[in-house]
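Here's a quick briefing to read with the structure open beside you. Have a look at the model, then work through the notes below.

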Amino acid sequence: MSATSTVLAVSDLRKQYGALVAVDGISFELGPNEIVGLLGPNGAGKTTTINMILGVLEPTSGRIQIEGVDIAQHRAQALERTNFAAVYAPLPGNLTVYQNLRIFGMIYDVDGLAERIETVLRQFDLNALRNTRCGVLSSGEQTRVSLAKAMLNRPNLLLLDEPTASLDPATARDVRAKIRELVASGCSGVLWTSHNMYEVEEVCDRVLFLSHGKILLEGDPKSLPSEHGKETLEELFIAVAREPLALERSQ
Amino acid sequence: MRFTRVSAIVLRQFYLLRGSPARVIPLFAWVTIDIVLWGFITRYLNTFTRSNFNFVPALLGAVLLWDFFIRVMQGVSMAFLEDVWSRSFLNIFATPLSISEYVSGLVLSSIATSSVGLLVMLFLAIVVFGLSFFLYGLVMIPFLLILFAFGIALGIAASAIVLRLGPAAEWFVWPIPALISPFAAVFYPLSTLPRWMRSISYALPPSYVFENLRAIISGHAVSTSSLVVGGCLATLDIAIAGWFFGSVYRNAVRTGLIARYSAESVS
């Protein structure tokens, strides 16, 4: 993949807290129109990786480039066309849906903001809730607001940390379809974490299995299980979680 | 620095104020109580003076200026605490917003909110208690500027303390003005203080304001050089507070505190 066609380039990324190594020298790339699943058991280093890409956590070593821009040196420029949604980061509950979208739209300096807000409100079926404070919304509605915020600046890099974790199956399917649609219509690359292997198989073009801060496996979610003697992606996930060393040796 | 991003922080504060009387009332309630209380105390004290000394400009003027300083400081820290209470650090700082844009937004919010308190205090002090600002003259402008600058510096420093120590450290913010007031010599001359306290007072910009305020009331000339010292100290304090906030933020990014702020970790 050439530098210009890479949305995200992570090289030798490492984060260490004292003796604990949370992320251990991982490298990967993400191209435009590509959805990559970042998978692994709790504590594998997924959220730590996402936080470093978002610039809210400084790596111990390594390099992160978003569309060729080094986040350590040009943070604001790198994050202008990046956005994220995470189940653990709801938007301020004391502001309405519209107010939150307006404020974050201004922070991202979105052109034609008023029109863009109307578009994302429509896209995520939030029109009826536009004047409702986010704090009184159901968790599913809050997730939709977070996703609407994440789409505001037409991101070229979208980081989604368990975006459908609190959604009912029907809404989750709609959200997956919308994100796929966005990726197909634009040039966004998406880094997606999820514990729902069915979802990952449906959505992701490629997956990275993380365990103890290292990438153990990488490949197509549809063919990867059989390549490692497993029937399903879920079985492979469980194997990564329980026997990471065995999988590491088989590489 | 992009003005749109700075405006977003100010707009956030405006939305919060517009939708919440609980946030609007404190902008003027406490200063109103202070001015009314001290207004009547000064009237009462005036009944005891034989030399026609007027306590209104001495005490009520000092209370007005001190309350203005507190409003400015709390204007910055309250705007910051809104992000603490709504747990929005991750959303705010995972954007292109820079620290200087964020802090500028807090300062502009404070200008707006403290102006409300100042206007209410001026109205009450002038209309109800007959405080005349002609007595102070144009020197009132540097008085307000020095106190404003020091209020901004302390507001930024207090926010940095909360960022460093976690949400529970909000407790540290509120008593800061009370801790400073004995050294700032708001109600008495610096000469009243013991030497060790005076040496601290000389480092505090408000002490230069209040010394000059009393000089005017006693019929003495304003010391321009001491006001310049006060102004320089206040400017230096802003620079130190900005550096302190930046250092705490960089440490929070290094340790991961920003991403897990609500966990109240002080690591």
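A:Cys204 is buried, at a relative accessible area of 3% (buried means under 20%, exposed over 50% and partly exposed in between, with a 1.4 Å probe and protein chains only). Keep in mind that this is a predicted model, where local features need pLDDT of at least 70, side-chain atom pairs count only at pLDDT 80 or more, and totals for chains, interfaces and linings use all residues. Residues are numbered from 1 along each chain as its sequence is written, chains are lettered from A and ligands numbered from 1 in the order in which they are written, and side-chain values use heavy atoms, with hydrogens and water left out.

**Cysteines**
- B:Cys232 counts as partly exposed, with 48% relative accessibility.
- Searching the whole structure turns up 0 disulfides over all chains (a disulfide being a pair of cysteine sulfur atoms within 2.5 Å).

**The sheet in chain A**
- In chain A, 6 strands make an open sheet with mixed pairing, in the order 6-7-8-3-9-10 (strands are DSSP runs of E, at least two residues, and helices are runs of H or I, at least four, numbered from the N terminus; two strands pair if DSSP finds at least two bridges between them).
- Strand 6 (82–86) and strand 10 (214–219) of chain A sit at the edges with a single partner strand each, so one side of each has no neighbour in the sheet.
- From one strand to the next, the twist averages 15°.
- Strand 3 (residues 35–39) and strand 9 (residues 206–211) of chain A run parallel and are joined by 4 bridges.
- A:Gly37 has A:Val207 in strand 9 of chain A as its bridge partner.

**Helices on the sheet and on each other**
- Helix 6 of chain A lies across strand 3, strand 7 (157–161) and strand 8 (189–193) of chain A, at about 155° to strand 8 (axes are lines fitted to C-alpha atoms, for helices over the stretch in contact, and angles run from 0 to 180 degrees between N-to-C directions).
- The axes of helix 5 (residues 139–151) and helix 6 (residues 169–185) of chain A come within 12 Å and cross at roughly 5°.
- That contact uses A:Arg144, A:Leu147 and A:Met151 from helix 5 of chain A, and A:Thr171, A:Val175, A:Ile179 and A:Leu182 from helix 6 of chain A (contact means heavy atoms within 4.5 Å).

**A threonine in chain B**
- B:Thr42 belongs to helix 2 (residues 21–46) of chain B, and B:Thr42 is buried at 0% relative accessibility.
- Apart from neighbours within four places in sequence, B:Thr42 contacts B:Phe55, B:Val56, B:Leu59 and B:Leu60.
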